[in-house]
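Open the model in your viewer and get ready to select. We will go stop by stop.

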Amino acid sequence: MTSTATTTSSLSAMHSAKSETYTRTRAAVEAHYVFVWRTLRRSGVPDHEADDVAQEVFLLFGKRVRTIEPGLERRFLFRAAQQLALRARRSSRRRRALLERAAGWSTEEQDAADEALRVDAVFSL
């Protein structure tokens with residue numbers, strides 16, 4: 001019967017840890033979501049990507065919540081937001097470069113072509 005008591009005790013401890021993780025993560029989202037979102041926007045994350053990156057920040061928080069000292073959640077969230085913002089900006093640049101290559105020209109070439117069309121339009125008047 002000792003093994004049953006140990007198993008029950010282990011399950012109870014595991015449930016308690018999951019409950020604490022959930023409670024602290026939910027509290028962090030409610031208290032700091034706007035702060036994280038604004039940090040991401042100030043760090044150059046486009047508006048249409050900010051919600052997704054904020055979600056990544058809080059997922060990371062949930063994974064590491066047991067290692068974060070109570071009272072230091074905001075500091076962790078700020079650092080995580082900064083790091084994930086950097087990653088999001090890099091990914092965005094890579095996607096843009098791939099799209100430009102797939103289209104066959106760069107943004108500068110597109111701008112030059114648009115300018116040439118404007119000049120032609122002015123001279124045809």
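**Stop 1: confidence.** This is a predicted model. Colour it by pLDDT. The protein averages 83, and 71% of the residues score at least 70. Now select residues 47-64. This is helix H2, and its mean pLDDT of 95 is the highest among the elements of the protein. Next, select residues 107-123. Here you have helix H4, with the lowest mean, 64. Where pLDDT is low, the predicted coordinates should not be read in detail.

**Stop 2: threonine 25.** Select residues 2-42 to show helix H1, then pick out threonine 25 within it. Is threonine 25 buried or exposed? Its relative accessibility is 16%, so it counts as buried, because the cut-off for buried is under 20%. Now show its contacts. Leaving aside residues up to four places away in sequence, threonine 25 touches Phe58, Phe61, Gly62 and Val65.

**Stop 3: the largest pocket.** Select Leu60, Arg64, Thr67, Ile68, Glu69, Leu72, Arg75, Phe76, Arg79, Ala80 and Gln83. These residues line the largest pocket. Two elements each give two or more residues to this lining: H2 and helix H3 (73-103). Which element gives the most? It is H3, with five residues. The volume of the largest pocket is about 210 Å³.

Finish by colouring the lining by class. Five residues of the lining are nonpolar, four are charged and two are polar.

Key:
Residues are numbered from 1 along each chain as its sequence is written. This is a predicted model: local features need pLDDT of at least 70, side-chain atom pairs count only at pLDDT 80 or more; totals for chains, interfaces and linings use all residues. Side-chain values use heavy atoms; hydrogens and water are left out. pLDDT is the predictor's confidence in each residue, from 0 to 100. Helices (H or I, at least four residues) and strands (E, at least two) are DSSP runs, numbered from the N terminus. Buried means under 20% relative accessible area, exposed over 50%, partly exposed in between (1.4 Å probe, protein chains only). Contact means heavy atoms within 4.5 Å. On a 1 Å grid over the protein atoms alone, a cavity is a set of points where a 1.4 Å probe fits but cannot get out, and a pocket is an open set with protein on both sides within 12 Å along at least five of seven lines; lining residues have an atom within 4 Å of a point. Grid points are joined across faces, edges and corners, and a volume is the space filled by probe spheres set on the points. Ala, Val, Leu, Ile, Met, Phe, Trp, Tyr, Cys and Pro count as nonpolar, Asp, Glu, Lys and Arg as charged, and the others, Gly among them, as polar.
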